[in-house]
Amino acid sequence: MNDTLYTSDNADSSKKKPVAKDAALPTVKEETQLDRLRNVIKKKVERQPVLIPVPERPGVSIKVSPNITQTQMKNWRKSAGEDTRNGLDATKFACLVIGHSTSGIYIDDEEVFDSEGNYLNFAHPMILEMTETTRPVPDAVRALFGVDPHVESAALAILDAAGYSDTVTAVDPTKESTTN
């Protein structure tokens, strides 16, 4: 019984496939400007956290994320009364910016963690206890800073770090660059 499914390895040993001796090596595609642009655009744009000192509390700083969207800004302005008869409460707006962007509290250049290793922010029960407040925003923020002008200054520093005060300068492509 000759079953072609079961053949020995030696049966076709005389029939060897020819091997190309000059096999072409795979060509390396050079990266184009379009490829470079595609790679740059794929990367997520995110700003690094910054430390904002609390002026009336020596050695104390808050770590904030300056990644603030326009939607967040709109919601904070609305919460601070922008569309009300009395208008926007600048200190409340500043407290909202600080309270919602804080991702840690430092003392003497070291981040403070709770007993379970979690970072502290204004909503953390330990901060509420320390500031003797029940609301993170605006009460705990104002209690930590102690002086309203410092609250507003800190919020402006956060918004600056987020890029809201950046100026984009147009470049005339017809002029030669002076930096070579």
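Contact means heavy atoms within 4.5 Å. The legends below describe close-up views of a predicted model.

View 1. The relative accessibility of Lys63 is 19%. Because buried means under 20%, Lys63 counts as buried.

**View 2. The largest pocket and its lining.** The volume of this pocket is about 200 Å³. Its lining consists of Arg57, Val60, Ile105, Tyr106, Ile107, Val112, Leu120, Ile127, Met130, Thr131 and Leu144. Two or more lining residues come from each of β3 (102–107) and α4 (125–130). Strand β3 gives the largest share, three residues. Sorted by class, the lining has nine nonpolar residues, one polar and one charged.

**View 3. Helix α3 against helix α5.** Helix α3 spans residues 90–101 and helix α5 spans residues 136–145. Their axes come within 9 Å and cross at roughly 90°. An angle of 65 to 115 degrees counts as roughly perpendicular, so α3 is roughly perpendicular to α5. On the α3 side, the residues in contact are Thr91, Cys95, Leu96, Ile98 and Gly99. On the α5 side, they are Val137, Pro138, Val141, Arg142 and Phe145. By class, this contact has seven nonpolar, two polar and one charged residues.

Terms used. Residues are numbered from 1 along each chain as its sequence is written. This is a predicted model: local features need pLDDT of at least 70, side-chain atom pairs count only at pLDDT 80 or more; totals for chains, interfaces and linings use all residues. Side-chain values use heavy atoms; hydrogens and water are left out. Buried means under 20% relative accessible area, exposed over 50%, partly exposed in between (1.4 Å probe, protein chains only). On a 1 Å grid over the protein atoms alone, a cavity is a set of points where a 1.4 Å probe fits but cannot get out, and a pocket is an open set with protein on both sides within 12 Å along at least five of seven lines; lining residues have an atom within 4 Å of a point. Grid points are joined across faces, edges and corners, and a volume is the space filled by probe spheres set on the points. Helices (H or I, at least four residues) and strands (E, at least two) are DSSP runs, numbered from the N terminus. Ala, Val, Leu, Ile, Met, Phe, Trp, Tyr, Cys and Pro count as nonpolar, Asp, Glu, Lys and Arg as charged, and the others, Gly among them, as polar. Axes are lines fitted to C-alpha atoms, for helices over the stretch in contact, and angles run from 0 to 180 degrees between N-to-C directions. Angles under 35 degrees count as roughly parallel, over 145 as roughly antiparallel, 65 to 115 as roughly perpendicular and the rest as oblique.
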